[in-house]
Amino acid sequence: LLLDMAGTDGRAPWDDHKNLLRELELYAPDLLQRPRLVVANKMDEPAAVENLKKFKRRIRQTPVLPIAAAFDQGIDKFKLTIRDAVAAASGS
C-alpha cells in the first residue's frame, strides 16, 4: 500500500490506510489475508517524519518502508523488498 505520509491533501495517513483496507475488503476479502507492506512516500516533506511516528504507533503489525520517490530515496530498497517478497511467495 502506497501512502502519502506527509498528508499533503489534508488527510491522515492512518485514515488512508484504513480506507484502502476497506476498499480491498470490498473488492476481494481474501486480499486482507495476504502479506502487505506500507510504502510511506513523501518522506522528504517536513510533516512526514512526525506522521510516520504516529502511523507506526497506530498500525503496529504492518511493516513500513519509508521512501521519497520524487528524489529516488529508498527506491532501491523498495525494489529489493518487492523482489524478495515475490521470490518467497513463489518458492524461489
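## Asn51 in helix 2

Asn51 lies in helix 2, which spans residues 46-58; helices (H or I, at least four residues) and strands (E, at least two) are DSSP runs, numbered from the N terminus. The model is predicted, so local features need pLDDT of at least 70 and side-chain atom pairs count only at pLDDT 80 or more, while totals for chains, interfaces and linings use all residues. Residues are numbered from 1 along each chain as its sequence is written, and side-chain values use heavy atoms, with hydrogens and water left out.

Asn51 has a relative accessible area of 13% and is therefore buried (buried means under 20% relative accessible area, exposed over 50%, partly exposed in between, with a 1.4 Å probe and protein chains only). Leaving aside neighbours within four places in sequence, Asn51 is in contact with Met5, Ala6, Gly7, Pro13 and Trp14, where contact means heavy atoms within 4.5 Å.

## Helix 1

Helix 1 covers residues 13-27. Its 15 residues reach 21 Å from first C-alpha to last, close to the 21 Å expected at 1.5 Å a residue (the expected span is 1.5 Å times one less than the number of residues).

The buried residues of helix 1 are Pro13, Trp14, Asp16, His17 and Leu21. They cover an arc of only 155° around the axis, which puts them on the same side of helix 1; the arc is that of the directions from the helix axis to the C-beta atoms. These buried residues pack against strand 1 (2-4), strand 2 (38-41) and helix 2. On the other side of helix 1, Lys18, Glu23 and Leu26 are exposed.

## Leu37

Leu37 sits in the loop between helix 1 and strand 2. Leu37 counts as buried because its relative accessibility is 18%. Not counting residues up to four places away in sequence, Leu37 touches Leu1, Thr62, Pro63, Val64, Leu65 and Thr81.

## The largest pocket

Leu37 is also one of the residues that line the largest pocket, together with Leu1, Leu24, Leu31, Pro35, Arg36, Val39, Thr81, Ile82 and Ala85. On a 1 Å grid over the protein atoms alone, a pocket is an open set of points where a 1.4 Å probe fits, with protein on both sides within 12 Å along at least five of seven lines; lining residues have an atom within 4 Å of a point. The volume of the largest pocket is about 230 Å³, counted as the space filled by probe spheres set on the points, which are joined across faces, edges and corners.

Helix 3 (residues 75-90) gives the most to this lining, with three residues.
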